[in-house]
Amino acid sequence: MPPLGHPPLEKKLPWGCLSAVPCARWPPSPGWGRIDPFPLPRRVSPGTGTDLEREDPGCVEGETTGVWGPPSTGWDRVDVVDVAWNGAWDRSWTCDMAMHARLVGVDARRLLVVGDVHGCAKEVEDLMDACQYQPKRDVVLFLGDLVAKGPDSVGAVRLARRLNAHTVRGNHEENAIRCHRAWMEKGKKLKSGLKYLQRLSDEDWSYLKHAPHTLRVPSHNVMLVHGGILPGVHLRKQKPKDLCRMRDVVIHEDGKLQARERPVHGSLPWASLWRGPEHVLFGHDAVRGLQQHPHATGLDTGCCYGGKLTACIVPPLVEQDGPFSIQSVPARRVYCKP
């Protein structure tokens, strides 16, 4: 049962174990929800042993955090997230709320952070070979957009799960979840580019639906996001759409920043204005390709367009000395036009 003083659980998540409900006493800002603690066993299978925890939980002192995450291959951690409540409940967790997670238990591990895959599963295998991937040493993290455009979206998701990798949520995961729900619940016809949705298993869907919008790795002083983070705005106030889609910002006369998905006259790459303290790794900008700013690195190098698939190799914080190393492999062919 939920702790005394909390409202009853109202909706079940895909795993059927937790609920996000409005909570008057946590946090103090209106319109936010929380994941209630719930007495569930910790699900840990043999593998990396790393944990995902709720980011900036803000729980009342003395309370415990809940356990959250799909019990599927590729998720061998405790998965707990902080949920931003931005309106009506959405059973597929698309667009209505932002989820932020923190990866722990990887202090001595090397991170392999991979840019937009877009169904290029073979290139992921090539990239793992180029990075000399070792399961006991390395943790693989994806920057979203595992699916769509390329030749094998289903294979890319299943490869990510086999690698015990985490991914943040991209705009194409959002679109896939939304279209799948419309197909299942309303019978809407899937477009040709979305036929792969019919071949995703329940475990694949669970993996995609539970992907957070941001993932912090304190032990390495990095944060992952697919699109962008509006500089100067608290993480809790970031809009889910911007986290998935932002590329540029416009600076208004009053100094306020406006997020833009597509560049306009006078706009700047958001990453050029990011000042830390964490180094942000992001994707979603194949036009600019590899971006290396002082405190942010963009890794979308247009693999599905015949470009490259790129990874940033992040050593543990105690071993960091200078810029992170970058490893790329060429696309095997052009899969779609830009």
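The buried residues of helix H3 (residues 171–186) are covered by elements that include helix H4 (202–209) and helix H5 (240–245), where helices (H or I, at least four residues) and strands (E, at least two) are DSSP runs numbered from the N terminus and contact means heavy atoms within 4.5 Å. This is a predicted model, in which local features need pLDDT of at least 70 and side-chain atom pairs count only at pLDDT 80 or more, while totals for chains, interfaces and linings use all residues. Residues are numbered from 1 along each chain as its sequence is written, and side-chain values use heavy atoms, with hydrogens and water left out.

**Helix H3**

- The buried residues of H3 are Asn171, His172, Glu173, Glu174, Ala176, Ile177, His180 and Ala182, buried meaning under 20% relative accessible area, exposed over 50% and partly exposed in between (1.4 Å probe, protein chains only).
- The end C-alpha atoms of H3 are 22 Å apart, which agrees with the 22 Å that its 16 residues should span at 1.5 Å a residue, the expected span being 1.5 Å times one less than the number of residues.
- After H3 comes glycine 187, which has a positive phi, near 70°.

**Nonpolar cores**

- In the largest nonpolar core, which has 40 residues, Val114, Val117, Phe142 and Tyr196 touch the most other members; such a core is a set of buried Ala, Val, Leu, Ile, Met, Phe, Trp, Tyr and Cys residues joined through side-chain atoms within 4.5 Å.
- At least two residues of this core come from each of strand S6 (110–114), helix H1 (121–130), strand S7 (138–142), helix H2 (153–162), H3, H4 and strand S17 (308–314), and H2 gives the most, with five residues.
- Another core, of 18 residues, lies apart from it and has Val106, Val168, Leu281 and Val314 among its members.
- Leaving aside residues up to four places away in sequence, valine 114 touches Leu127, Met128, Val140, Leu141, Phe142, Leu143, Leu309, Thr310 and Ala311.

**Helices H1 and H2**

- H1 and H2 pack at an angle of about 35° with their axes 8 Å apart, where axes are lines fitted to C-alpha atoms, for helices over the stretch in contact, and angles run from 0 to 180 degrees between N-to-C directions.
- On the H1 side Ala121, Val124 and Glu125 meet Gly155, Ala156 and Leu159 of H2.
- Methionine 128 lies in helix H1 and counts as buried at 6% relative accessibility.
- Not counting residues up to four places away in sequence, methionine 128 touches Leu112, Val114, Tyr133, Val140 and Leu163; its C-alpha atom is separated by 8.7 Å from that of leucine 112, 16 residues apart along the chain.

**The five-stranded sheet**

- An open sheet is formed by five strands in the order S8-S7-S6-S17-S18, with mixed pairing, two strands being paired if DSSP finds at least two bridges between them.
- Strand S8 (166–167) and strand S18 (325–330) stand at the edges with a single partner strand each, so one side of each is left without a neighbour in the sheet.
- S7 and S8 run parallel and are joined by two bridges, and phenylalanine 142 has threonine 167 in S8 as its bridge partner.
- H1 lies across S6, S7, S17 and S18, and runs at about 135° to S18.

**Serine 219**

- Serine 219 sits in the loop between strand S9 (214–217) and strand S10 (222–225), and is buried, with a relative accessible area of 17%.
- Apart from residues up to four places away in sequence, serine 219 touches Val106, Asp107 and Leu317.
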